[in-house]
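Take a first look at the model below. Then follow the chain through its sheet, its helices and its pockets.

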Amino acid sequence: ITATIIDLASRGFMDIEEIPKKWLFGSSDYKLIRKNTDSSKLLNYECLLFDKLFSHGTDGVVKISQLKQKFYTDLAKVKTELYDDVVDKKLFPSNPEKVRTKYFGIAFFVLVASISLCVFSLSKIPELLDIFLATGSAGFLLLILSRFMSRRTARGQELQRRLQGYELFISQVEKHKQQ
């Protein structure tokens, strides 16, 4: 989302200005200024982000500090549109957030079931305790790994590989030019 905001600014849809901090321990803020109102060239999630950003400001100007308590609800909608876009572009076979949620739910169910059966087996059938402990460990591991369960398509994997190569190029080869 942050990269999209910077991309929109670089394409001329908005300006980003830094507002210097007022006190010694204060934090600096940023002001987004709407420039181009023709959002017909934007993707669905970019258009939604662009419109929602400036719906919280006045006269096409919004400060980042104004968005802290309001924008998080809009951000969920933008994120859903973004995931729909990457599925439409065949970079992921299905919505990555839904896949992560599904595996989290499965892991949570396995963990709760194994803990409750473990407590039950202590009093009734102590021989099953090892099985329920192993199942609980697997559920806990799946709970941790559920955040990484979405997979890319072959096209998405190729694009990821190219982006990593470009990042390596920028960080290593172009390092002296950046300095």
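The paragraphs below go from the sheet to the helices and then to the pockets.

This is a predicted model, where local features need pLDDT of at least 70, side-chain atom pairs count only at pLDDT 80 or more, and totals for chains, interfaces and linings use all residues. Residues are numbered from 1 along each chain as its sequence is written, and side-chain values use heavy atoms, leaving out hydrogens and water.

Start with the sheet. Strands of a sheet pair through backbone hydrogen bonds, either parallel or antiparallel. Here three strands form an open sheet in the order β1-β2-β3, with antiparallel pairing. Strands (E, at least two residues) and helices (H or I, at least four) are DSSP runs, numbered from the N terminus. Two strands pair if DSSP finds at least two bridges between them. Which strands stand at the edges? They are β1 (14-19) and β3 (61-63); each has a single partner strand, so one side of each is left without a neighbour in the sheet. Strand β2 (residues 29-34) is joined to β3 by three bridges. Leu32 has Val62 in β3 as its bridge partner.

Helix α1 (residues 2-10) lies across β1 and β2, at about 115 degrees to β1. Helix α2 lies across β1, β2 and β3, at about 110 degrees to β2. Axes are lines fitted to C-alpha atoms, for helices over the stretch in contact, and angles run from 0 to 180 degrees between N-to-C directions. Contact means heavy atoms within 4.5 Å.

Next, see how α2 (residues 44-54) packs with α3 (residues 71-88): the angle is about 170 degrees and the axes are 8 Å apart. That makes α2 roughly antiparallel to α3 (the term for angles over 145 degrees). In α2, the contact includes Tyr45, Leu48 and Leu49; in α3, it includes Phe71, Val78 and Leu82.

Last come the pockets. A pocket is an open set of points on a 1 Å grid over the protein atoms alone, where a 1.4 Å probe fits, with protein on both sides within 12 Å along at least five of seven lines; lining residues have an atom within 4 Å of a point. The largest pocket has a volume of about 300 Å³, the space filled by probe spheres set on the points, which are joined across faces, edges and corners. Its lining has 13 residues, with Val86, Leu91, Phe92, Arg152 and Gln160 nearest the centre. Helix α6 gives the most, with four residues. The second largest pocket holds about 200 Å³. Among its lining residues are Ile1, Leu53 and Phe71.

Key:
Parallel < 35°, antiparallel > 145°, perpendicular 65-115°, else oblique.
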